[in-house]
Amino acid sequence: MGSKYTKRYTEEFKRDAIALVDSSGKTVTAVARELGISSESLRGWYRQAKADRGASESGELTSAEREELKRLRKEVREQHQTIEILKKATAFFVKENDR
């Protein structure tokens, strides 16, 4: 598949495809072939859906946990920047007071 762009599928399409795997008893590969999508895509969606339902044995994070992790990492980065700025400001004021 020499396509330069990735097709974007709606959440509804993904849910329907995942439900089809669950209800049909067919393999992910068979369902993907029928729907004309890559089995890697469907396998990824299926794995994520299982993790989101808490059915993953691999310890994968749910989508909500991923979002929280991203938010917390950003918050920590911002706090580190604030601390560095405050250290520099403190050092500056200490020098000013020593004059």
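Helix α1 (residues 11-24) packs against helix α3 (residues 39-52) at an angle of about 85°, and their axes lie 10 Å apart. The two helices are therefore roughly perpendicular to each other. Angles of 65 to 115 degrees count as roughly perpendicular, under 35 as roughly parallel, over 145 as roughly antiparallel, and the rest as oblique. Axes are lines fitted to C-alpha atoms, for helices over the stretch in contact, and angles run from 0 to 180 degrees between N-to-C directions. Helices (H or I, at least four residues) are DSSP runs, numbered from the N terminus.

This is a predicted model: local features need pLDDT of at least 70, side-chain atom pairs count only at pLDDT 80 or more, and totals for chains, interfaces and linings use all residues. Residues are numbered from 1 along each chain as its sequence is written, and side-chain values use heavy atoms, with hydrogens and water left out.

| Helix pair | Angle | Axis separation |
|---|---|---|
| α1 and α3 | about 85° | 10 Å |
| α1 and α2 | about 130° | 10 Å |
| α2 and α3 | about 120° | 8 Å |

Back to α1 and α3. The contact (heavy atoms within 4.5 Å) is made by Phe13, Lys14, Ala17, Ile18, Val21 and Asp22 of α1 with Leu42, Trp45, Tyr46 and Ala49 of α3. By class, that contact has eight nonpolar, no polar and two charged residues. Ala, Val, Leu, Ile, Met, Phe, Trp, Tyr, Cys and Pro count as nonpolar, Asp, Glu, Lys and Arg as charged, and the others, Gly among them, as polar.

Helix α2 covers residues 28-35, and packs with α1 at about 130°. That makes α1 oblique to α2. Phe13, Ala17, Leu20, Val21 and Ser24 of α1 meet Val28, Val31 and Leu35 of α2. Seven of these contact residues are nonpolar, one is polar and none is charged.

The α2 and α3 pair packs at about 120°. That makes α2 oblique to α3. Val28, Thr29, Val31 and Ala32 of α2 contact Ser39, Leu42 and Arg43 of α3. The classes here are four nonpolar, two polar and one charged.

Now the second largest pocket. Its lining is Glu11, Lys14, Arg15, Ile18, Trp45, Gln48, Ala49, Asp52, Arg53 and Ser63. On a 1 Å grid over the protein atoms alone, a pocket is an open set of points where a 1.4 Å probe fits, with protein on both sides within 12 Å along at least five of seven lines; lining residues have an atom within 4 Å of a point. The elements giving two or more residues to this lining are α1 and α3. The lining divides into three nonpolar, two polar and five charged residues.
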